[in-house]
Amino acid sequence: MALDTNTWTLFEREIVTLARDPANATAQLKLAFKDPAIIPALCAVMTGSQNWQIRQSAAVMLRMRVKKHWKKINPDHRESLKAVVLQAFQQETEHTVRHSLSQLSAVMVKHETPDRWPALFTLLNQSTKSNNPMDRQVGLLLLSKVVESNPEPFKPHYRQLLQLFGTVLQDLDNPTAMYYSILTLTDMTAYTGIEEMNLMRSLIPTLIIALRHLIKADQDQASEAMEVFDELMESEVSIMVPHIAAIVHFCLEVSADTTLTDSLRVKALSCIAFLIRLKSKTVLKQKLLNPILQTVFPVLSAAPPPGEEDPEDEENSNEDDTDNESPKHFAAQVIDTMALHMPPEKLFHQLMPLTQACLASENPYERKAGLMCLAVLAEGCADHIRTKMLSSMLQTVCQSLSDSNQVVRSAGLFALGQFSEHLQPEVSKYCAELMPLLLGYMSALNQAKIGHVTKAFYALENFLENLGSEIAPYLPTLMETMLSALSNAENLKLKELAVSAIGAIANAAKEKLVPYFLPVIESLKGFLTDTRDEMRSLQTQALDTLSVLARTIGKEVFSPLAAECVQLGLNLTNAIDDPDLRRCTYSLFSAVSTVSPDCLNPHLTAITTIMLLSLKSTEGVTAHPDEDKTFVLLDDDDDDDEAQGDTILDEEGTDTVDPDIAGFSVENAYIDEKEDTCDALGEIAFNTGAAFQPFLESSFQQVYELRDFPHEDVRRAAFVAMGQFCRAQHKVWQENPTEADHQALQKLLGVVLPSFLEAVHSERERQVVMGVLEAMNAVLKACQGEALQSPGRLQEISQAIRDVLKKRTVCQDGGGDEADDDEQQAEYDAMLQEFAGEGIPLLASAVPAETFQPYLNELLPLIMNKAKLSCTVADRSFSVGTLGEILQSLVNVSGGRACAGKLSNQLLPVLVAGVRDGDSEVRNNSVFALGALAQAAGPLVAQDYPMMLSLFSNLLSKEQDRRVIDNLCAALCRMIMSNMEGVPLEQVFPALLARLPLKEDMEENKTVYSCLAMLYSQNPALVLSQIKPIVSASSHVLETKDLDPETQNTLLMLLRDVAQRHSQEFEGAMKSLPAEQKMKLTGAVSQS
């Protein structure tokens, strides 16, 4: 296509038309675009037109052509294009055109690596080192675009580039050049090797000064440039460690400056939060906690501009709206992150004075800040608050509910909701004080503002959810309020809140909700079948509550609805395309699978098909285009073979980066959908068993691919589902032990367990690792020795547990020293170690004791270390509790007795100290562990019986805590059953019976009544001498949920035998019972 003057003018006119009105691009231009000669023609326009907009359009059109069809471009045209682009770049004076030319170069670098384009290097070298500031700026623009497009081929030049940036970042009069340098540095970071790290480290102080100057010149550019810190933290946080104090002080300076844009201040605050998450120990060691708090508090307590409200206080605010990008919101996140990643003692010491000053302030926004602070502490510092300050903190929050200012009252409700969610079970004990306050809010539903009502519901729901049977006295009032809101409320949001609250009530009330079941279901049906768009939120909530009812109301009540629920779910997913609705439908399917799995079987093909589509889907992933798509129309009707150019992968199979795309974001609803789909799929696979077999492999494949998903909640759910699939396959094999099923199980375990272990070591998010450890424990518990068939597997799992206990994994800021052991740590770090420790007794029960002994010898000191008095109550309780579980595991394995005997000298001092501990939970777990030691080691610890009995007798005389007393009874029973000769029964037996029936730890009824039955068979005279207290205790527990069927049967056989053989003694014992209990017991014993 030769361009004479006429064609040139025509071509220019066409381009102008296209830019102004893309829809009317002429056929002539479209046709020209398909002509191979378009390349030189566009090159000519790009360098020759007098109109800068036309030059820019030509550059964009060339980029489109190159991006999709590089390999089809004539090699001569490619070479000339490489020359022309650089020539155009050098002569261009318009910034916008230069920007487009640099993007065109970036696309070419993607295809034509830099080593095949030496002229590009020459230009970059000359321009970036030029004495002319404008040339440097332009060269750095080009550099930033080509490196962003393809960072790896530039690796050999990184040292040189870093030296260049060291100079450019000191050119404080050329902020744009600094900006482009920082962008390039950001793109290089992920690819830096060890040799570049020191250079990079030395750049940090210069970088901070450059950013300060950039903020003065252009806040938007500065905000983007600050992402360099995120990238450094993501890729190589060690580069930043020596400069953490400087970085924190810089970020604090930016956060505190109210003249700067919100987006810049948010960047600074989120950078601080990220640093705390990754390097909390360094932040504490460098004494940065106080400066951070001193800056964050004023941000948190700032009043909004006159006439405005904080987003969460606006009347139409949506609780689920997570797009609150305000400095205040991020200031709260900084404190939240501290709570999750710092030892509570260290944090509270500096934080509480500031919080208390806020709470006592005259300024409502400062009072609000104090309450928000208490609220965000609840999750990360739950143990500390529950054991040391719950009463005073609750009192503060309750007082705030009657504050004169609604902003403060709303914050109080939010805090109460957070407490109710995270401070269980202690917070439920304040039921009598809190329920009247919350019900007071409910009594004036229709008059109150909906924004405020939403917060009241949030607090109420979280509180009710965990109340259990304590909800009974409030049930009539609650259900009357909710049902009346469902039938009368005009406001759809109010109906939605009421439907959600019914779910929370059901979680606590369980079968006590049966009298209200029909009216609730009638209301829900109305919402579920109304498919109008404005009803969507209410419909989704109704599905959620229906799932809760399926799990809580009782099988008999819900089963008749199961098939209808499955059909309803399928109809909804077919009719409506909405991620939240699909998510709740899948949860409904999994809830139904717990009640009536057979109802799902005929529909499993349809159900797994839609669920796998949800896992595969890239819906909700939004690309952010860098500029308008005016010119896409030109490529619209490419031939099919041409369209092949636009594939996701180029032939090397690497993902291509589209320079038109500035970034991606995934909507939360689609993340939640993937997470809940994994959870539901795992549960359905387990509950439907053999019926799920045809779908297991395809489901597993899809879930397995999500273990690397960018969002941690999806990764966690994928690992949990993988564990469920293993348990499902194991159950199928147990029910039908074929060789094929056995091989399928081993194949699955051979993929899943190594991926679990890999995640424990290398996953960065603590929550994901906790999920993985929990899933691995569930697999070990279900599959036992089957999970350890593979050579080396036992060693690998023991090693992973050891690494977590020694804080050597990536999510624990790897390689912690052993000297760290009793150092204070964040509660969630301790919780992670608890999940790891729970694996030890599971391994102990899965293999013969002599096989596990060498690993146990390595692990025990790490557990016992946490029993020291200087450790937290949670650590001490975990330590002795785990020792007890390990000993319990040894009871039933080959060689367990000898192993327990060997360990006794090591364990006794720790457990005896635990029995004397000031905390009832530690005492309880220690008593259980001593009983388990006696049971496991039997006669091998006979010499220790007198000491143990004296310890127990002493404790029994003064112990007030009922759970400890119950465990004392069980421990004595274990001692008797293991070594009867070692126990003076005439003294111990009456003392034991005097403490029956058990009041709290009902699981131990099995131990107690097994012991009674054994004593009766071996020493009937002793039992008969105490028949009165035995009959009395039995009358309390028979035919209650406190006994499992096997124990119930053991007890009844004992009583029937006594009644038959020793009727006189039995009748005598019965006489002292109240009439009702006497009747019940007579009936139970006389039934054959």
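Let's start with one pair of side chains. Glutamate 227 and lysine 267 meet in a salt bridge, at 3.2 Å from N to O. Where do glutamate 227 and lysine 267 sit in the chain? Glutamate 227 is in helix H13, residues 227-236. Lysine 267 is in helix H15, residues 262-285. The pair links distant parts of the chain, 40 residues apart. Keep in mind that this is a predicted model.

Why do such pairs form? Side chains of opposite charge can pair when their charged atoms come close. How many salt bridges does a search of the whole structure find? The count is 39.

Stay with helix H15 for a moment. Lysine 287 lies in the loop between H15 and H16. Its phi is near 55°. That is a positive value, in a residue other than glycine. Most residues other than glycine have a negative phi.

Which loop holds glutamate 308? Look between helix H16, residues 289-300, and helix H17, residues 327-341.

Now the backbone again. Most peptide bonds are trans. Here are two cis ones. Glutamine 424 and proline 425 are joined by a cis peptide bond, with omega about -5°. Proline 425 is in the loop between helix H22, 406-422, and helix H23, 431-443. Leucine 996 and proline 997 are also joined by a cis bond, and here omega is about 0°. Proline 997 falls in the loop between helix H47, 985-993, and helix H48, 1005-1018.

Last topic: domains. The domain assignment gives domain 1 as 866-995 and domain 2 as 1005-1087. Their C-alpha centres lie 26 Å apart. How many residues does the contact take from each domain? Domain 1 gives 10 residues, and domain 2 gives 13.

That's the tour. Thanks, everyone.

Terms used:
Residues numbered from 1 in each chain as written. Predicted model: local features only at pLDDT ≥ 70, side-chain atom pairs only at ≥ 80, totals over all residues. Heavy atoms only, no water. Helix = DSSP H or I, 4+ residues; strand = E, 2+ residues; numbered from the N terminus. Domains from an automatic or database assignment. Contact = heavy atoms within 4.5 Å. Salt bridge = Lys/Arg side-chain N within 4 Å of Asp/Glu carboxyl O.
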